[in-house]
Amino acid sequence: MLEKSVIEALIDTALAQRNYAYAPYSDFRVGAALLTEDGAVYTGCNIENGAYSPTNCAERTAVFKAVSEGERAFRAICIAGGKGAEEPSKFCPPCGVCRQVLLEFCRPEFEVILAVSREQYEIYTLGELAPMGFQL
Ligand code: THU
């Protein structure tokens, strides 16, 4: 079980990361905070592209930053997203591509924190969000 103080810190970080989102096409700003088994936190935001399909989600930005720095053992990710600069009004569950990327590196017990605020969040396991995921 994640400690409440850790959950709150991840939520604060994911919400703050929304400020870095590059989302001129959708104005849907997403932030992510990825916690490693060692307690380090890697951050991510969505980065859109005028050709649309090269867009990178916040979750994948965080995972790719971490893996590119040698991290492979992950404990949890917090995701917060919504339109514009105001606080999100609903949860932002990871898209299918991001679920598949998480499956590559994380066990089914890996925790996914969907957050609107410190007061409003839900925690799912990756196994719940991506049952029977493809693996080679
Ligand atoms: N997006 C994320 O960053 N994470 C998700 O889990 C869902 C979608 C981004 C991609 C795009 O920049 C914008 O949100 C609208 O789809």
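The tour goes from the sheet to the helices on it, then to the aromatic pairs.

Keep in mind that this is a predicted model. Start by colouring the strands: five of them make an open sheet in the order E2-E1-E3-E4-E5, with mixed pairing. At the edges you'll find strand E2 (41-45) and strand E5 (121-125), each pairing on one side only. Ignoring direction, neighbouring strands here are turned by 20° against each other on average.

Now select 74-83 and 111-115. These are strands E3 and E4, which run parallel and are joined by four bridges.

Next, bring in the helices. Helix H1 (residues 4-17) lies across E1, E2, E3, E4 and E5, at about 145° to E1 (28-36). Helix H2 (residues 58-67) also packs on the sheet, where it touches E1, E2 and E3 and makes about 140° with the direction of E2.

Time for rings. How many aromatic pairs does a search of the whole structure find? Two. Pick Tyr-25 and Tyr-52: their ring centres are 5.9 Å apart and the planes sit at 80°, over the 60 degrees needed, so this pair is edge-to-face. Tyr-25 is in the loop between H1 and E1, and Tyr-52 in the loop between E2 and H2, so the pair ties together parts 27 residues apart in sequence.

Finally, select Phe-74 and Phe-105, an edge-to-face pair with 6.5 Å centre to centre and 85° between the planes. Phe-74 sits in strand E3 and Phe-105 in helix H3 (residues 96-105), 31 residues apart. Is Phe-74 buried or exposed? Phe-74 is buried, with a relative accessible area of 6%, whereas Phe-105 is partly exposed at 27%.

How values were computed
Residues are numbered from 1 along each chain as its sequence is written. This is a predicted model: local features need pLDDT of at least 70, side-chain atom pairs count only at pLDDT 80 or more; totals for chains, interfaces and linings use all residues. Side-chain values use heavy atoms; hydrogens and water are left out. Two strands pair if DSSP finds at least two bridges between them. Helices (H or I, at least four residues) and strands (E, at least two) are DSSP runs, numbered from the N terminus. Axes are lines fitted to C-alpha atoms, for helices over the stretch in contact, and angles run from 0 to 180 degrees between N-to-C directions. Contact means heavy atoms within 4.5 Å. Rings of Phe, Tyr and Trp (its six-membered ring) pair if their centres lie within 6.5 Å; planes under 30 degrees apart count as stacked, over 60 as edge-to-face and the rest as tilted. Buried means under 20% relative accessible area, exposed over 50%, partly exposed in between (1.4 Å probe, protein chains only).
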